[in-house]
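Please give me a short briefing on this structure.

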Amino acid sequence: MLENIDVILFRPKYPENIGSVARACLNMGCGQIVLVDPWNWDQGKALPLATHHAGHLLENIRIHGTLAEALAPYSFAYGTTARTGGWRQGIQTPEEAAPRIVEQRNAGGTIAIVFGPEDKGLTNEETDLCNQLLTIPTTDNLTSLNLSQAVMVVLYECFKKSLAKPFKVAGQPKDRYINSEEREVLFNQLRETLIEIDFLNKDNPEYFMLPLKRFFNRINPRLNEYNLLMGLCRQMRRIVNIAKNDRS
C-alpha cells in the first residue's frame, strides 16, 4: 500500500478528472488527494467517476491556495512533466523513480507526487518546488496523458515496488501430470473412438496412432485435461451409437 505517498493536483480544471484520479488512487492504495487552487471543484460531479468505493477519498480531500503551501509538510516532492529538455535535466521515468520513492517512504519520509493542470502542465517555477521530475514515455504523436491515466501509471510503479513480494497471478491450480497407466487408458479410448468415427484405419490403427501418441507425450497432459479428453471420447462414442441405432 502507498501510505504517506500523496497525490497533489495543481489547478485541476475538471471535477470529473478528480473523480477518476480518486478511483486510481484507491486501486493503488494511495489514501490522500490534495487539490491546489482547483478551478471548478464540485464533489457531486466528481463522485460518479470515483464510484462509491472511492467516495471517501473525495470527502477527505485537502485544498490549498498555493503549491508551496501544499508541499510544505512533505519530505520529498516529485513533479510530473511531459516536456523534457532545456533546463529540465535528470528527469526519470516512474519505473526508475519508484524504488527511491518507496525507499524514502519506508525510511519515514512523506512523499508528494505533483500533477499539473490538464491543459498546460507544471511551469518551470512550479517544477522548481519539486525535488525530482518524472515523465511518462509516450509516442511523439501525443505526449500528454489524461490526468487519471498519468496518476495511475506513476502510482502503479510505486505500488509494485512497495510489495513485500513480487505480484504473481495466482491462476487456476494445476493438476498433476497423468501417469503411465492413465496415459495408456487415454490412448486406448482415443483409438477406439477414432475407429468408430472412421478416422483411423481399422486394419492398422496402432500405426496411425503414433503421431497422436507423440503429440500427447510432448504436451504432457494433466489430470484435468485427461478427464476432459476422456469425457469427449465418451460423448462422441455415445453419439455414434445413437446414430447406429437410429439407422437400424
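Ala 77 stands opposite Ala 112 in S5. Strand S4 (residues 76-80) and S5 pair in the parallel sense over four bridges; two strands pair if DSSP finds at least two bridges between them. This is a predicted model: local features need pLDDT of at least 70, side-chain atom pairs count only at pLDDT 80 or more, and totals for chains, interfaces and linings use all residues. Residues are numbered from 1 along each chain as its sequence is written, and side-chain values use heavy atoms, without hydrogens and water.

**The sheet**
- Six strands form an open sheet in the order S3-S2-S1-S5-S4-S6, with parallel pairing.
- Its edge strands, S3 (62-64) and S6 (132-134), each pair on one side only.
- From one strand to the next, the twist averages 25 degrees.
- Strands (E, at least two residues) and helices (H or I, at least four) are DSSP runs, numbered from the N terminus.

**Helices on the sheet**
- H5 packs on the sheet and touches S1, S4, S5 and S6; contact means heavy atoms within 4.5 Å.
- The direction of H5 makes about 155 degrees with that of S4.
- H7 lies across S1, S4, S5 and S6, at about 150 degrees to S5.
- Axes are lines fitted to C-alpha atoms, for helices over the stretch in contact, and angles run from 0 to 180 degrees between N-to-C directions.

**The core**
- The largest nonpolar core has 35 residues; Val 7, Leu 9, Cys 25, Ile 33, Phe 115, Val 151 and Leu 155 touch the most other members.
- A nonpolar core is a set of buried (under 20% relative accessible area, 1.4 Å probe, protein chains only) Ala, Val, Leu, Ile, Met, Phe, Trp, Tyr and Cys residues joined through side-chain atoms within 4.5 Å.
- Val 7 touches residues including Val 21, Ile 113 and Leu 155, not counting residues up to four places away in sequence.

Terms used
Buried < 20%, exposed > 50% of the residue type's maximum accessible area, 1.4 Å probe, protein only.
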